[in-house]
Amino acid sequence: MGRAVSLAACALNQWALDFEGNAGRILKSIEIAKGKGARYRLGPELEICGYGCSDHYYESDTLLHSFQVLAKLLESPVTQDIICDVGMPVMHKNVRYNCRVIFLNKKILLIRPKISLANAGNYRELRWFTPWSKARHVEEYFLPRIIQEVTGQDTVPFGDAVLATKDTRLGTEICEELWAPNSPHIEMGLDGVEIFTNSSGSHHVLRKAHTRVDLVNSATAKNGGIYILANQKGCDGDRLYYDGCAMISMNGDTIAQGSQFSLDDVEVLVATLDLEDVRSYRAEISSRNLAASKVNPYPRIKVNFALSCSDDVAVPVCMPIQWRHHSPEEEICLGPACWLWDYLRRSKQAGFLLPLSGGIDSSATACIVYSMCHQVCLAVKNGNAEVLADTRKIVHDETYVPEDPREFCKRIFTTCYMASENSSQDTCNRAKLLAEQIGSYHINLNIDAAVKAIVGIFSMVTGRTPCFSVYGGSSRENLALQNVQARVRMVLSYLFAQLTLWTRGMPGGLLVLGSANVDESLRGYLTKYDCSSADINPIGGISKSDLKNFIQYCIENFQLTALRSIMAAPPTAELEPLVDGQVSQTDEADMGMTYAELSIYGKLRKIAKAGPYSMFCKLINMWKEICTPREVASKVKHFFRMYSVNRHKMTTLTPSYHAENYSPDDNRFDLRPFLYNTSWSWQFRCIDKQVSDLEKKEEISVVKDVED
């Protein structure tokens, strides 16, 4: 009697519309799975076309090329004698579905459409797909001719069904269905399904991985069973980084854990498990068995194939393990670094250029690039041929082997300190020392001549010369002169990115990196088209407080002692004149709020979905020990004024790594207007009335205490 089943979950670095590369990675994963003895292989969601195709899903080409790849997979000898479960879009009766196509030995067993679509935050699946609403219902799907010619089938089952092999039952979930309150695995488990599979396109957010792991383990803890989760990994063409974490769980315990951050394009996790452990676990759950006796059965697709061998008594099975979670600092170190690597190699550029100011944000960005160099050297050392080949293409040297992160950093990373008359020697020294410690090619330059030339043009045309407020200028003049400096730096960044390698006799151009953090973007504390305007920004979804913790992590783990003085210095834009050679301008004073307060505002605005009045109501309790209601009202009003005045800047925000759930990125995640009535008259009036009522209550209470 067969009882030991070997199952494979894959994490693949797929790329939207890269049908050639996607097909190759799928075939490689199947080959590895078979080599490890697996009889069933699960891949990530929409792996054939890549998850992030967006409006390309509307195109018939995307459907056509997906079926062409499917035909190639069906024909391949690699896919024989193993059940293959792949993801692709499928059109059924002129309706587009997000599907799993499950096949064995050139025959399609089932096309299973997604039931619960992801449609919040970064996800817009309802824009492109329709959920399958016919529970436990199967229809005939008429195959296109290119598939008929391979399988010999005219039609195949399409709908909500489970597979019944010779030795077990297997049911499918797709990504969001695990997170839904009425997940299919509940009813499938009651109907005797012993193996649940989930193909995901789940992206990285700081501190999120434990939620996914807990959901998988709890799915099998209550009902018993085996749960396999496969996930996309890497950057497939936009702001998200899909963080792998393929896993296999049984009866509430993790059995196998895949990596969360890795430069491996193909990762295959295989575990051998005993079906009798599932059956004995379920046997004593009387509440489960009572519910199972009443369940409405699923249609079963009979499969003349076994996931186990008939004589497997001596086959060793896998035992539970303890899941190892990364700290948030490790996540910042690894996730954006892997994202940058994918962006660099897939854009076919020769490296990065970063305006390095000597402050926390640009220093954190530099450390992430340095971490990327570490990951590349480690992957090559561990024998990753793809990473080595990509590295050689980037540096245009077919014999190059990256061994030292600092040496590799020198080849692909240029940092540039752009001083003005308002810059301090301290920030210049801090930037230079950090560049030396990470090994970047560092440039020092002065922008004063360019600033004076631009202001000179204005003066020549208008006959008036603006000056800083410390010299008697108005606030408008003061702001305009700061913005000129900031925007000149953006122009120079792109000039040096295009030509620095040319001056060094090296081929190619550089991607410009931005370094505005999520809190500054939320508040709008940046100049439109300054150095926050770049090609990509690895820290744009990370809070200031998390970046400070990351800097401390880099001091301890990379021995970058230059970061100590950067951590100790108050954040400053250095755009106003120095006083006695010292910085007089600080970010928090300019903003009228602290970075800690900004994080709270951001979480309440986006995650708690609080408007001005609701935010005020929440904060008067949160801050009751440190602020009066009137002070809270003043802070909330100031935040919303600044947020709404500057919201238009989000329309040009550099594409940023998504790491925080209160990101103000309006491209996809935070869909709100960019032209507001900044007086917020009705909302603020409600706050004022509440403040007045609270103060009257306080006065009455004080009077009563005195009388008593």
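Student: How many bridges join strand 1 (residues 4-12) to strand 15?

Tutor: Strand 1 and strand 15 run antiparallel. Strands and helices are DSSP runs numbered from the N terminus (strands: E, at least two residues; helices: H or I, at least four), and two strands pair if DSSP finds at least two bridges between them. The number of bridges joining strand 1 to strand 15 is nine.

Student: What kind of model is this?

Tutor: Residues are numbered from 1 along each chain as its sequence is written, and side-chain values use heavy atoms, with hydrogens and water left out. Local features need pLDDT of at least 70, side-chain atom pairs count only at pLDDT 80 or more, and totals for chains, interfaces and linings use all residues, because the model is predicted.

Student: Which residue stands opposite L7 in strand 15, and how many residues of that strand are buried?

Tutor: The residue opposite L7 is A271. Buried means under 20% relative accessible area, exposed over 50% and partly exposed in between (1.4 Å probe, protein chains only). Strand 15 (residues 266-274) is largely enclosed by the rest of the structure, because the buried residues among its nine number eight.

Student: Which strands pair with strand 3, and in what sense?

Tutor: Strand 3 (residues 83-92) is also largely enclosed, as nine of its 10 residues are buried. Three bridges join strand 2 (residues 40-42) to strand 3 in the parallel sense, with R41 opposite C84. Nine bridges join strand 3 to strand 4 (residues 95-104), with D85 opposite I102.

Student: Which residue in the turn between strand 3 and strand 4 has a positive phi?

Tutor: Strand 3 and strand 4 form a hairpin with two residues between them. Most residues other than glycine have a negative phi. In this turn a positive phi of about 55° belongs to K93.

Student: Is N105 buried, partly exposed or exposed?

Tutor: N105 is found in the loop between strand 4 and strand 5 (107-113). The phi of N105 is positive, about 50°, although this residue is not a glycine. With a relative accessible area of 30%, N105 is partly exposed.

Student: What is the relative accessible area of Q559?

Tutor: Q559 has a positive phi of about 55° and is not a glycine. Its place is in the loop between helix 18 and helix 19 (562-568). Q559 is exposed, because its relative accessible area is 53%.

Student: At roughly what angle do helix 10 and helix 18 cross?

Tutor: Axes are lines fitted to C-alpha atoms, for helices over the stretch in contact, and angles run from 0 to 180 degrees between N-to-C directions. The axes of helix 10 (residues 328-347) and helix 18 (residues 544-558) come within 9 Å. The two helices are roughly perpendicular (65 to 115 degrees; under 35 is roughly parallel, over 145 roughly antiparallel, the rest oblique). They cross at roughly 80°.

Student: How many nonpolar residues does the contact of helix 10 with helix 18 have?

Tutor: Contact means heavy atoms within 4.5 Å, and here E329, E330, I332 and C333 in helix 10 meet D546, N549, F550, Y553 and F558 in helix 18. Ala, Val, Leu, Ile, Met, Phe, Trp, Tyr, Cys and Pro count as nonpolar, Asp, Glu, Lys and Arg as charged, and the others, Gly among them, as polar. The contact has one polar and three charged residues, and its nonpolar residues number five.

Student: How many charged residues does the contact of helix 21 with helix 22 have?

Tutor: The axes of helix 21 (residues 595-607) and helix 22 (residues 612-622) come within 11 Å and cross at roughly 135°, so the two helices are oblique to each other. I600, Y601, L604 and R605 of helix 21 make the contact with M615, K618, L619 and M622 of helix 22. By class there are six nonpolar and no polar residues, and the charged residues number two.

Student: Which strands stand at the edges of the open sheet of four strands?

Tutor: The order of the open sheet is 19-18-17-20, with parallel pairing.

Student: Which helix lies across strand 17 and strand 18?

Tutor: Strand 17 (residues 352-355) and strand 18 (residues 413-419) pair in the parallel sense over four bridges, with F352 opposite F413. The helix across them runs at about 160° to strand 17 and is helix 11 (residues 360-381).
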